[in-house]
Amino acid sequence: MSDKQSDGPRATGGRAPDVFTPGGWVPMRSHEDSEEVDFVIVGTGAGGGTLACKLAESGFSVVAMDAGPYWRPLEDFASDETEQQKLYWTDERIVDGENPIAMGSNNSGKSVGGSTVHFAMVSLRMRPEHFATRSKLGYGVDWPIGWEEMWRYYAEVEQALKIAGPVRYPWGPKRGRYPMRAHPMNAAANYLARGAEALGVDWTQTPVATLSAPHGKAHPCVYRGFCAIGCSTNAKQSVLVSWLPRALKAGAEIRDLAMVGRIETVNGRCTGVHYHREGEWHFQRARNVVVAGYAIETPRLLLNSANAEFPDGLANSSGLVGRNLMVQLNQAAWGHVEDDVRSYKGPPSLAVCEHWNYEDRGKDYAGGWSYMSQGPLPISWAKTLAGGRGLWGQALIDEMARNNHTVGLKMVGEVLPDARNRVTLTDETDQYGLRIPRITFAYSDNDRAMMAHATDFMDRSLEATGATDRWKEMGDTAHLNGTARMGHDRRTSVVDADCRSWDIPNLWVCDGSVFPTVGGVNPSLTIQAIACRTADRIRTMAAQGEL
Amino acid sequence: MAASHADIVATRLIAGGAAALAFSVFADSGLEHYRGSFANPTMVLPIGSAVLGLTMNGRRSAKPESSGSEVPTISHVGSAAIGVIGLGFHAYNILKRPGGASFNNLFYGAPAGAPATLILSGMLGGIADRMAKGEETIATLGLRSGRMVAGVVSIGILGSVAEAGLLHFRGAYHDPFMWLPVTLPPVAALSLARDVVSDEAHSITTGLLAATAALGLIGVGFHAYGVARNMGGFRNWRQNILAGPPLPAPPAFTGLAIAGLGALLLMKKGSRRG
């Protein structure tokens, strides 16, 4: 095919790839670099892609840039883990600290649509108290947004993504009916359910962003199980196939393979962004700049944009840009069972237990966690066995041969904000000549106590279902949040509740970086909810002349 | 007593309805039990029973006089018995899953009410058979007033509505036409039930049953569209006919409604006589 992504950008010349048609195109409004657009958005993932759609639908002129390619999943995605590495952000980064974070598949994407192109589709709401952990639970820091408002935006996102969830959700305040019904449970999910019932805690079907009925041009899920390396049927409601087609229809321009390197400021306001595309640097003028590059690239861009006006980087008068990096604990318990489980069938996490997000008693640590059934693909599983369990040679081969009988449970646990966990810049530069980020991370004693409790509980759940040869995977992390936190006070946060920077009124941050705390659930739904709220606030402020 | 023209037509309609139900069971349980890989050998029983029922009822519909053979009776009693056993198996299939009688298990386990279609086919076939033999009653219930058949049909339609309602809820009523089988047939069933109670056939019931019969056929078209909306459409028919909405399910409404029209005919004759 002549239309390979390696040939260069696809979204050019007034058209963008039609994700629903092999080789297809949809018209796209285009802007000149010299045209001052209302918003240039850096990143098209859960934050930027959602915001681009909502702002365009509100009538603003929008250019959204992404460093990654613009895929057509129906023709570009293979059922092959190695090929699909192309979805991950694997540019050079330096990781250090006591517990260096493994970067790539579990936490960063480089595609139009961002990491949602390969996320596991788990779409959970944060517990209400987790938006105010300081005042309600005595740890962390409060969000500047109330839970009732966030839960209203959750409902909007769930509706947009046609989330397939259970008829009754066992935890938290009453929520509306999910737009689609939950999927059938696979055998791995049944093991979570049986274990939870044996231990006397609730469980339910995981609300997931993959269709259980047709929606528009997207087919219902066919349970291939390759979700985490990119869905080739479009059942998965990634930003690429959900918000972005809407954004294009509403007049947004999306530029793929466009790496933003620096934000320009004049007299304390942003004037546009310098971006690298087709081998050259360009400058796009804009009235507002939104940074939505996720928790590594967002602080990196803000810090790389330091200039004479803002020598410490943009939006950084608090000194907090890059600080309070939070991963989520992703430890697991695994075991063997008699029957054929084939856990890789269907979406990987079809059952969930949020008991320990909502139960505060019986813990010797602060924070919450959930756990889900697992369905690793073979290469990923071999890496877990080799890296996480230290198997090699014949032992590894023997264990891989028992793959169909393996069951596992994996946590998503709340890491507390700590200013020492941070993103800074090194002096090394990358292929664009931009300074690469240094990512420094260490677990706290609180994190370790949570891991111990969670892995023990998950192990007991597996034991209760008769699993043998059990072991605990202690090394993994997932998701990245918190390096440009939102807050009430400009001295202790980077942006306000509207994601607007305290220092530069036309600079915004809209992605997982703004999370003050992360809760014990996967962050994508919350990021999209924040983006929807931010768009509403921008529209209101624009109407009141406050932009 | 010599059979009147109305009796003969009614017998044809009731047997025809039973045949349509048997066909629906044959095709639906055939597909679904194939999908379930005939994990339990008894899963072939409804298919065999439905084929026999289809033959018996088809012949009865074509020739509404009995030769006195007991084979049809064996077939109809067998259908009903296998249907009852099937209800038990399906309930077990649902209840053994984690969560028990939860929505998700009702959605994806063996369909709780489906075997009842075989019972209905057996009952209607049995009634048509007795009528063909010139019998006036089953137990103490009068056959020729049409009220018994109408009662069976009314309950049967409501059961099918419950099944369609549950499974269309599973599909999140993503297409507005999915509301049709849970709105029109219940009205027809209630109108028919009113006629049973008042022992008077209203012409509105005839219209509603005719519409329900048509809906069952139109439903096949909608379900075919639903199959086409799955990945690969009909090019991938071997997967999508199993994964998509069941093509043979909607004609169960047609079968019941046809038998209901037969019942109405008997009731009208009764009121003319009175």
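Modeller: Start with burial: a residue is buried if 20 or more other C-beta atoms lie within 10 Å of its own, exposed if 12 or fewer, and partly exposed in between, with C-beta atoms placed from the backbone. This is a predicted model, in which local features need pLDDT of at least 70 and side-chain atom pairs count only at pLDDT 80 or more, while totals for chains, interfaces and linings use all residues. Residues are numbered from 1 along each chain as its sequence is written, and chains are lettered from A and ligands numbered from 1 in the order in which they are written.

Biologist: Why is Asp199(B) called partly exposed?

Modeller: Asp199(B) has 14 other C-beta atoms within 10 Å. Asp199(B) sits in the loop between helix H7 (184-198) and helix H8 (203-228) of chain B. Helices (H or I, at least four residues) and strands (E, at least two) are DSSP runs, numbered from the N terminus. The phi of Asp199(B) is near 50 degrees, a positive value in a residue other than glycine.

Biologist: What makes Asp469(A) exposed?

Modeller: Asp469(A) has 12 other C-beta atoms within 10 Å. Exposed covers 12 or fewer, so Asp469(A) is exposed. Asp469(A) belongs to strand E20 (residues 468-473) of chain A, and it has a positive phi of about 50 degrees although it is not a glycine.

Biologist: Why does Arg300(A) count as buried?

Modeller: Arg300(A) has 28 C-beta neighbours inside 10 Å. Buried needs 20 or more, so Arg300(A) is buried. Its place is in helix H7 (residues 294-304) of chain A. Leaving aside residues up to four places away in sequence, Arg300(A) touches Val423(A), Leu425(A) and Pro437(A); contact requires C-beta atoms, placed from the backbone, within 7 Å.

Biologist: How do you know that strand E19 of chain A is largely enclosed?

Modeller: Of the 6 residues in E19 (residues 435-440) of chain A, 5 are buried, so the strand is largely enclosed by the rest of the structure.

Biologist: What makes E18(A) and E19(A) a pair?

Modeller: Two strands pair if DSSP finds at least two bridges between them. E18 (residues 422-429) of chain A and E19(A) have 5 bridges in the antiparallel sense, so they pair. Thr424(A) has Arg438(A) in E19(A) as its bridge partner. The hairpin of E18(A) and E19(A) has 5 residues between the strands, and in it Gly433(A) takes a positive phi near 80 degrees. E19(A) is also joined by 3 bridges to strand E5 (residues 94-96) of chain A, in parallel; there Asp96(A) is partnered by Thr440(A).

Biologist: Which strands pair with E13 of chain A?

Modeller: Strand E13 (residues 326-329) of chain A pairs with strand E21 (residues 477-481) of chain A over 3 antiparallel bridges, with Leu329(A) opposite Thr477(A). E13(A) is also joined by 2 antiparallel bridges to strand E17 (residues 406-414) of chain A, where Gln328(A) stands opposite Glu414(A).

Biologist: Why does the radius of gyration of chain A agree with a compact globule?

Modeller: The radius is taken over C-alpha atoms, and the globule rule is 2.2 Å times the number of residues to the power 0.38. For 547 residues the rule puts a compact globule near 24 Å; chain A has 22 Å, which agrees. Buried residues make up 57% of chain A.

Biologist: What is the span of helix H12 of chain A set against?

Modeller: The expected span is 1.5 Å times one less than the number of residues. H12 (residues 524-543) of chain A has 20 residues and reaches 29 Å from first C-alpha to last, close to the expected 28 Å. Gly545(A), which follows H12(A), has a positive phi near 70 degrees.

Biologist: How many residues of chain B are in contact with chain A?

Modeller: 14 residues of chain B are in contact with 20 residues of chain A. H4(B) gives the most to that side of chain B, with 4 residues.

Notes: Contact = placed C-beta atoms within 7 Å.
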